[in-house]
Amino acid sequence: MCSFNWDILFFLKIFSLSIMPEFLYAQNTCPEISQQLLKYGFHRDLLIRVDLGIADKGLESCRLAIKVHLPRGLYVDPYELKSLQQHNLTEALVIADEVDLEVPEYLATDSSVLVYMKPDPKCITCFKVLLPLHCRYYRPSESNGKIPVVLQNPEIMIHCQKTIFSVNCLKETETEAPCSQNNLAVCHWKSMKYKMLSKELELQVPVGLKHHLPLVCAVTLITTGLCSSFILSALCRYGPIHYSV
């Protein structure tokens with residue numbers, strides 16, 4: 001009889017722990033991420049959506065950021081990001097000393113972008129961001145008119161005033177990065193584990209074909225010659241144009 005009472009007491013203790021908020025958080029699944037490429041051609045938009053799965057007032061003190069790793073065939077325009085930030089659309093920092101917008105793919109290097117996510121008004125536990133991406137020019141191909149470019153899965157980081165998420169969802173690594181684009185003070189960001197809902201993203205970048213090179217050169221030379229001849233004939237016929245002040 002005494003043993004039976006101890007069993008009941010043990011069961012009640014476990015049940016009381018299971019309904020505590022801390023225990024509930026520990027049982028929560030890690031964040032879920034989905035990403036999608038919008039538009040076509042050389043100028044695309046990367047839509048990233050994160051569902052934290054926790055509706056807690058403590059999230060108001062949290063900042064969520066995504067670190068996007070770009071291969072050398074892709075880049076972001078810092079001037080475009082600055083314009084988007086002024087219109088309160090996208091807040092991001094390029095982790096690079098300088099971004100050359102004109103360099104081709106075979107002369108470029110990999111880069112990373114730290115994107116500060118904004119709450120999704122359609123979902124109380126969700127954040128989203130839209131990041132414009134641009135493709136660089138590639139060398140002409142022998143046969144295929146498109147080259148695949150694989151986009152790596154992003155890294156999710158969070159900065160909170162208090163602990164909200166389960167230890168199982170937090171990685172041991174901690175990163176020092178600016179608190180925001182406007183506040184360059186250093187914050188300590190914790191990397192998080194997550195579940196990727198979408199498939200690995202792959203872009204098909206259009207490239208020229210090598211056997212088209214003679215045709216392209218011939219058309220370019222003929223067009224340049226015709227335009228130059230037209231300009232010279234107009235100057236000889238009508239003479240120089242004088243502007244009166």
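The model is a predicted one, so local features need pLDDT of at least 70 and side-chain atom pairs count only at pLDDT 80 or more, while totals for chains, interfaces and linings use all residues. Residues are numbered from 1 along each chain as its sequence is written, and side-chain values use heavy atoms, with hydrogens and water left out.

On to charge pairing. A salt bridge is taken as a side-chain nitrogen of Lys or Arg within 4 Å of a carboxyl oxygen of Asp or Glu, and the count by this rule is 5. One of them joins arginine 63 to glutamate 91, with 3.8 Å between the closest N and O atoms. This pair ties together distant parts of the chain, since arginine 63 sits in strand β3 (residues 63-70) and glutamate 91 in strand β5, 28 residues apart. Glutamate 91 is buried at 10% relative accessibility, whereas arginine 63 is partly exposed at 29%; buried means under 20% relative accessible area, exposed over 50%, and partly exposed in between (1.4 Å probe, protein chains only).

Lysine 210 and glutamate 142 also form a salt bridge, their closest N and O atoms lying 3.1 Å apart. Here, too, distant parts of the chain are linked: lysine 210 is in the loop between β14 (201-206) and α4 (213-238), glutamate 142 is in the loop between β8 (126-135) and β9 (146-151), and 68 residues separate them. Lysine 210 is partly exposed at 44%, and glutamate 142 is exposed at 56%. Aspartate 45 pairs with lysine 39 at 3.3 Å, N to O, and this aspartate is buried, at 12% relative accessibility.

Arginine 136, in the loop between β8 and β9, does things another way. It is buried but has no salt bridge, and aspartate 100, the nearest side chain of opposite charge, is 5.6 Å away. Instead, the arginine 136 side chain reaches the backbone oxygen of arginine 72 at 3.4 Å.

Aspartate 100 also turns up in a negatively charged surface patch with Asp97, Glu98 and Glu102. Patches are built from residues with over 30% relative accessible area and no salt bridge, joining like charges within 9 Å and nonpolar side chains (Val, Leu, Ile, Met, Phe, Trp, Tyr) within 5 Å. Glutamate 102 belongs to the loop between β5 (91-95) and β6 (111-116) and is exposed at 69%. A nonpolar patch of about 450 Å² is formed by Phe230, Ile231, Leu232 and Leu235; Leu232 lies in helix α4 and is exposed at 54%.

Cysteine 169, in the loop between β10 (155-159) and β11 (170-178), is buried, with 2% relative accessibility. Its C-alpha is 5.7 Å from that of methionine 192, 23 residues away in sequence.

Definitions and conventions. Areas by Shrake-Rupley, 256 points an atom, 1.4 Å probe, with all protein chains shown as cover. Lys, Arg positive; Asp, Glu negative; His and termini not counted. Charge placed at Lys NZ, Arg CZ, Asp CG, Glu CD. Helix = DSSP H or I, 4+ residues; strand = E, 2+ residues; numbered from the N terminus. Polar contact = N/O pair within 3.5 Å; in protein donor to acceptor, adjacent residues only side chain to side chain.
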